Amino acid sequence: MNDRNDPPVRIAAVGDVHMDQDVLGRFRPALEQLAEQADVLLLAGDLTRHGTEAEARCVAQEFGHVGVPVVAVLGNHDYHCDQVDKVVNVLADEGGITVLEGDSTVVETPTCRIGVAGAKGFGGGFAGRCASEFGEPEMKAFVRTTSAVADRLGAALRELDCDLRVALTHYAPVPDTLAGEPPEIYPFLGSYLLGQAIDSAPTALAVHGHAHAGSERGATPGGVRVRNVAHPVIKQAYSVFRLG
């Protein structure tokens with residue numbers, strides 16, 4: 001890990017950019033300066049409007065090859081048209097973007113090895129007001145989906161060989177960053193199981209999107225900083241977080 005004399009690790013992040021042809025060029029001017037501002041760029045899902053291959057090409061054109069490694073997870077919008085494999089391939093092949101789903105990658109910087117574990121996540125709600133694996137098969141399947149995703153995220157974080165761990169999801173791991181959204185939809189915006197997964201490893205930062213009307217800052221029960229980087233929340237091309 002970098003010592004007190006080293007510069008901080010700089011992590012840029014944004015989510016919910018919902019790219020299509022009419023959005024091209026909105027973010028690129030700021031991204032041209034990204035290499036001077038950050039060591040890595042994280043994209044927190046909902047990269048497209050409907051999850052089409054054509055929209056993925058817009059993402060690759062806008063967010064690819066920006067001078068720093070780009071790591072992403074997909075969001076619910078990116079799944080809508082059932083073209084996930086095509087979307088992932090376009091992002092990787094045309095944009096050089098690493099897409100995570102229950103796995104991890106390590107980014108080398110001059111002072112630190114940043115480990116990023118990522119997963120889209122899923123809903124379910126939060127402690128005291130959450131869905132349970134009981135009753136109809138449909139409800140059991142809903143909760144089991146979140147549990148399986150959280151298990152993979154936690155394992156990916158714990159297995160990282162790095163100096164600094166970052167968790168990247170689309171769905172929220174805590175309710176703090178949902179403040180401003182109607183409480184009735186909290187179960188569809190995130191799950192406490194994601195927060196437990198993040199707390200299962202010494203994680204330095206967790207970023208997510210999805211909650212357009214939510215709040216920026218929160219923390220897991222274990223004290224990990226959580227930031228909602230949905231574009232409608234941060235209202236800029238990306239936020240930069242300095243760690244270490």
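Guide: Helices (H or I, at least four residues) and strands (E, at least two) are DSSP runs, numbered from the N terminus. By that rule, residues 10-82 are 32% helix and 19% strand, with end C-alpha atoms 34 Å apart. This is a predicted model, where local features need pLDDT of at least 70 and side-chain atom pairs count only at pLDDT 80 or more, while totals for chains, interfaces and linings use all residues. Residues are numbered from 1 along each chain as its sequence is written, and side-chain values use heavy atoms, leaving out hydrogens and water.

Visitor: Why is the pair of Phe27 and Phe63 called tilted?

Guide: Rings of Phe, Tyr and Trp (its six-membered ring) pair if their centres lie within 6.5 Å; planes under 30 degrees apart are stacked, over 60 edge-to-face, and the rest tilted. Phe27 and Phe63 have centres 5.4 Å apart and planes at 40°, so they make a tilted pair.

Visitor: What makes this pair a tie between parts of the chain?

Guide: Phe27 is in the loop between β1 (9-14) and α1 (28-31) and Phe63 is in helix α3 (residues 53-63), so the pair ties together parts 36 residues apart in sequence.

Visitor: Why does Phe122 count as partly exposed?

Guide: Buried means under 20% relative accessible area, exposed over 50%, and partly exposed in between (1.4 Å probe, protein chains only). Phe122 has 22%, so partly exposed is the label.

Visitor: How do you know that the charged end of Lys120 sits over the ring of Tyr79?

Guide: The rule wants NZ of Lys or CZ of Arg within 6 Å of the ring centre and within 35 degrees of the ring normal. Lys120 qualifies over Tyr79, with its charged end 5.2 Å from the ring centre.
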